[in-house]
Amino acid sequence: MTKPHDQFGINRRGLLAGMAGAGLLGLSGLPLRAQETPRRGGVLKLGISGGSTTDDFDVRKLADWVPVNQAYMVMNGLIEIDSDNIAQPELLENWEAEPGAAVWTFDVRKGVTFHNGKSMTADDVIYSLNLHRGDSSSAARSIVEPITEIEKLGEHQIRITLESGNADLPYVLSDYHLLVVPEGFDDWSNPVGTGPFVPERIEPGVRGRFVRNEDYWKPGCANVDAVEVLVINDVTARTNALMSGQVQAINAVDFKTVNLLARAPRVEIVRSAGGQHFTFLMDCTKAPFTDVNTRLAIKHSVDRQQLLDTALAGYGQLGNDHPIPQTDRFYNSELPQRAYDPEQAQFYAKKAGMDPLAVTLSASDAAFSGAVDAAAVFRSAATGAGIDVTIDRQPADGYWSDVWMQVPFCMSYWGGRPTADQMLSIAYESTSSYNDTRWKNDRFDSLLKEARALLDEEKRREIYWECQALIHEDGGAMIPMFGDYLDAVSTELRGVKPHAMFNLMGARMAEKVWFDA
């Protein structure tokens with residue numbers, strides 16, 4: 001059986017050089033204590049933003065930091081992306097592709113037990129994958145749609161057949177929606193999984209408590225006795241909770257105060273560079289954004305460097321109105337960087353018949369820390385371009401259900417994805433339920449499908465470059481900046497590492513860390 005690291009006959013680490021890279025550094029010189037032996041005991045308390053009273057454990061609609069982190073406490077994924085952005089075995093233990101990469105065989109891990117005592121088999125994996133297929137409203141529908149058949153070859157082996165080849169399939173299967181539950185399970189308020197912790201008490205949007213799964217199958221993990229999650233959407237309150245010792249780790253540190261927090265005693269900052277980017281979303285099906293000229297006017301009316309310097313304190317990189325970061329091997333390095341250009345903004349506004357152009361931007365710090373301030377910076381620059389922006393400030397609670405994908409113009413963010421195909425598929429393919437600008441471009445869809453089936457890296461690069469150019473010119477997302485993930489942890493925690501995928505060690509901090517003696 002081909003090893004996971006070299007299933008394509010090439011070294012994935014070499015292909016993804018720099019994906020995690022030197023940007024994954026602790027600002028305060030966070031030591032990586034990977035050689036220490038984990039110790040058991042203690043209660044880990046996490047202060048996490050991105051929670052709502054509407055949250056549950058339905059894997060099909062996981063959308064924000066609290067539900068994703070809590071889901072990983074209870075359930076395991078099929079494939080894990082490690083801190084070097086490499087696909088590692090999880091519940092799928094080994095894999096091998098037939099020539100053309102359209103047919104894959106996966107071994108399902110043996111000896112894994114659900115919290116209810118049921119042994120995990122191929123049937124559970126197949127059921128969990130099928131939750132996202134067909135007419136499901138799953139956010140992962142588009143990424144599993146190319147699967148034409150899932151066959152059970154044995155109690156612990158499956159075969160997946162795709163409509164066309166996809167050399168990145170193991171990375172696709174790492175998506176955080178593709179968590180495994182028992183066959184037939186659907187009680188999403190009382191989740192059952194194979195994960196490191198068992199839920200004890202859950203108050204959606206408020207708090208949760210999870211106790212260690214004593215039969216957890218991963219060695220060296222689930223070291224703490226229990227995990228308590230406090231939903232703290234306000235960044236000041238979250239920071240104060242860490243400073244006072246109420247929690248030992250927080251996500252989404254405020255970019256404006258990170259340098260001050262780094263000087264605090266018994267606090268360390270974890271800085272992770274990756275694909276996280278912040279978006280101003282224009283719904284391409286709602287006026288005035290149905291006209292590409294309106295969208296171009298907005299894209300030319302933002303001062304990106306000013307936003308990066310003020311909203312992110314420089315902790316990130318400039319965005320160019322597409323979602324692929326500079327660290328990705330398929331990043332289009334020849335696409336000219338769009339600059340603040342009031343004359344061009346006015347030109348496109350007039351071309352759209354909108355002179356003057358007036359828009360309402362819905363904003364909340366639920367979108368990202370400092371989003372409301374970023375909206376104000378954008379409004380100031382847009383005013384200089386002759387565009388009138390009214391900011392409609394929204395509460396954090398319910399933002400993702402009542403505002404995001406509900407209003408014509410709002411702020412949002414995306415965490416990175418391990419491959420360009422995954423990022424482009426989930427957020428821009430017309431059939432994706434997470435296509436949050438409702439942008440539809442037939443050529444883009446066709447190119448994306450073509451690129452997936454290719455093993456020729458140069459040809460894939462050529463296609464992905466055109467995909468980025470199409471989004472840049474025609475898409476509904478104005479993407480001014482990529483931001484580093486900034487977490488803060490207590491110095492009493494061990495095992496903490498930066499991670500390119502998400503905050504809090506790819507949303508898996510709870511199972512990885514332990515307390516100092």
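**View 1. Surroundings of Ile298 in the predicted model.** Apart from residues within four places in sequence, Ile298 is in contact with Met282, Phe289, Leu357, Val359, Phe378, Ile387, Phe409 and Met478. Ile298 also belongs to the largest nonpolar core, which has 163 residues. Ile298 is listed there among the residues with the most contacts inside the core, together with Ile158, Ile160, Leu173, Phe378 and Met411. Helix α2, residues 65-74, gives the most to this core, with seven residues. In soluble globular proteins, nonpolar side chains tend to be buried together.

**View 2. The open sheet of four strands.** The strand order is β4-β5-β7-β6, and the pairing is antiparallel. β4 and β6 (147-154) are the edge strands, each pairing on one side only. From one strand to the next, the twist averages 20°. β6 pairs with strand β7 (residues 157-162) over six bridges in the antiparallel sense. Within this pair, Lys152 stands opposite Ile158 in β7. Strands of a sheet pair through backbone hydrogen bonds, either parallel or antiparallel.

**View 3. The hairpin of β4 and β5.** Strand β4 covers residues 92-97 and strand β5 residues 103-108; the two pair in the antiparallel sense over five bridges. Asn94 stands opposite Asp107 in β5. Five residues lie between the two strands, and Gly100 in the turn has a positive phi of about 95°.

**View 4. Thr105 in strand β5.** Is Thr105 buried or exposed? Thr105 counts as buried because its relative accessibility is 16%, under the limit of 20%. Apart from residues within four places in sequence, Thr105 is in contact with Asn94, Trp95, Glu96, Leu153, Gln157, Ile158 and Arg159.

View 5. Ala122, Asp124, Val125, Ile126, Ser128 and Leu129 are the buried residues of α3. Their cover includes β4, β5, β6 and β7. An α-helix has 3.6 residues a turn, so residues three or four places apart point the same way.

**View 6. Helices α14 and α15.** The axes of helix α14 (residues 442-452) and helix α15 (residues 457-474) come within 9 Å and cross at roughly 155°. That angle makes α14 roughly antiparallel to α15, because angles over 145 degrees count as such. The crossing of α14 past α15 is left-handed. On α14 the contact is made by Arg443, Phe444, Leu447, Leu448, Glu450, Ala451 and Arg452. On α15 it is made by Lys459, Arg460, Ile463, Tyr464, Glu466, Cys467, Leu470 and Ile471.

**View 7. Tyr176 in the loop between α5 and β8.** The loop that holds Tyr176 runs between α5 (169-172) and β8 (197-203). With a relative accessibility of 10%, Tyr176 counts as buried. Which residues is Tyr176 in contact with, leaving aside its neighbours within four places in sequence? They are Leu62, Val68, Tyr72, Arg417 and Phe502. Tyr176 and Gly506 are 330 residues apart in sequence, while their C-alpha atoms are 9.8 Å apart in space.

Conventions: Residues numbered from 1 in each chain as written. Predicted model: local features only at pLDDT ≥ 70, side-chain atom pairs only at ≥ 80, totals over all residues. Heavy atoms only, no water. Pairing = 2+ DSSP bridges. Core = buried A, V, L, I, M, F, W, Y, C linked by side-chain atoms within 4.5 Å. Buried < 20%, exposed > 50% of the residue type's maximum accessible area, 1.4 Å probe, protein only. Contact = heavy atoms within 4.5 Å. Axes fitted to C-alpha atoms, helices over the stretch in contact; angles between N-to-C directions. Parallel < 35°, antiparallel > 145°, perpendicular 65-115°, else oblique. Left-handed = near helix turned anticlockwise from the far one by under 90°.
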